[in-house]
Amino acid sequence: MFARWISPGSVRLTVLLWLFTVSETLGSASELKVRVRLADGQITDELLEADSEKDSITVEFKQGDGTLITFVADFKQDVKIFRALILGELERGQSQYQALCFITRLNHNEIIPSESMARLRQKNPHAIRTAEEKRNTEMLSMNVAVNLTRMWQLSTHIHNMCNVAQEAVYTREADVRHWLDRGVEGSMFKPQAVEEPGLQSCGTVKDLWQPCLCSYNLRLEWYPCLLKYCRNRDVSGRGSPYKCGIKSCSKGYKFTYYIPHKQLCLWEEET
């Protein structure tokens with residue numbers, strides 16, 4: 001999983017190592033595996049899957065601490081899903097792993113289209129990638145719990161992604177209002193006591209069985225966020241643009257949500 005370090009100069013050549021080629025089977029899923037340097041310096045294998053028929057993109061990788069992060073962008077429904085499978089602390093009474101699922105609205109131009117992703121090929125699969133642009137961390141108050149039984153109305157990807165999380169599936173009130181306006185049933189959403197007076201951060205709570213506000217941070221360390229265009233020029237000097245590469249981005253997310261007891265948020269313990 002880990003590889004040697006490479007020079008910063010080779011990282012700058014990222015865009016030169018990618019080509020857009022037209023696939024003959026655009027309806028099928030396409031997979032791409034890249035080597036990515038995480039913020040802690042470790043190297044991970046990141047899997048990117050594009051399905052132009054379902055109009056979705058999946059990004060999956062393992063963090064240095066063993067946590068498996070999966071991200072799905074559903075362009076048909078303008079929904080994005082984050083799932084974290086966190087290794088549990090068995091000696092402290094936790095299960096083998098703890099699953100979290102966060103659902104938010106997908107905005108335009110956050111990531112390249114699924115059809116463009118499906119056409120990506122890399123010429124140097126052994127290169128270690130770092131993002132060209134590091135975007136600011138987004139702070140998200142996940143103040144609504146989600147009932148999975150009817151979430152197919154919102155996105156067909158949610159059940160497969162979040163069924164392991166069960167009661168740890170969250171979204172935001174602002175996104176719920178948007179989805180209700182589109183006709184999604186309100187019975188699948190339940191407001192949480194995120195702003196309840198006296199509710200403390202789990203990092204300051206001593207009693208493991210006391211309710212508190214938990215925060216979970218994750219970062220998509222490398223993903224194609226924009227298409228790059230070059231320009232051909234004819235003999236008259238006029239040019240026409242064409243897709244010639246991608247721009248890669250890194251973006252962090254901080255999710256804050258209510259939990260019934262601190263035992264579910266041990267990573268926020270004070271050191």
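I took a pocket to be an open set of points on a 1 Å grid over the protein atoms alone, with protein on both sides within 12 Å along at least five of seven lines, and its lining to be residues with an atom within 4 Å of a point. I worked on a predicted model, in which local features need pLDDT of at least 70, side-chain atom pairs count only at pLDDT 80 or more, and totals for chains, interfaces and linings use all residues. Residues are numbered from 1 along each chain as its sequence is written, and side-chain values use heavy atoms, without hydrogens and water.

**Largest pocket.** I found 21 residues in the lining of the largest pocket, with Ala165, Glu167, Ala168, Tyr170 and Leu264 nearest its centre. Two elements, S7 and strand S15 (239-259), each give two or more residues to this lining. S7 supplies the largest share, four residues. I noted the pocket volume as about 520 Å³, a volume being the space filled by probe spheres set on the points, which are joined across faces, edges and corners. By class, the lining holds 13 nonpolar, six polar and two charged residues. Nonpolar here covers Ala, Val, Leu, Ile, Met, Phe, Trp, Tyr, Cys and Pro; Asp, Glu, Lys and Arg are charged, and the others, Gly among them, polar.

**Largest cavity.** I then looked up cavities, sets of points where a 1.4 Å probe fits but cannot get out. I recorded one cavity of 30 Å³ or more. Phe71, Glu110, Ile111, Leu220, Tyr223 and Tyr253 line the largest cavity, and this lining comprises five nonpolar, no polar and one charged residues.
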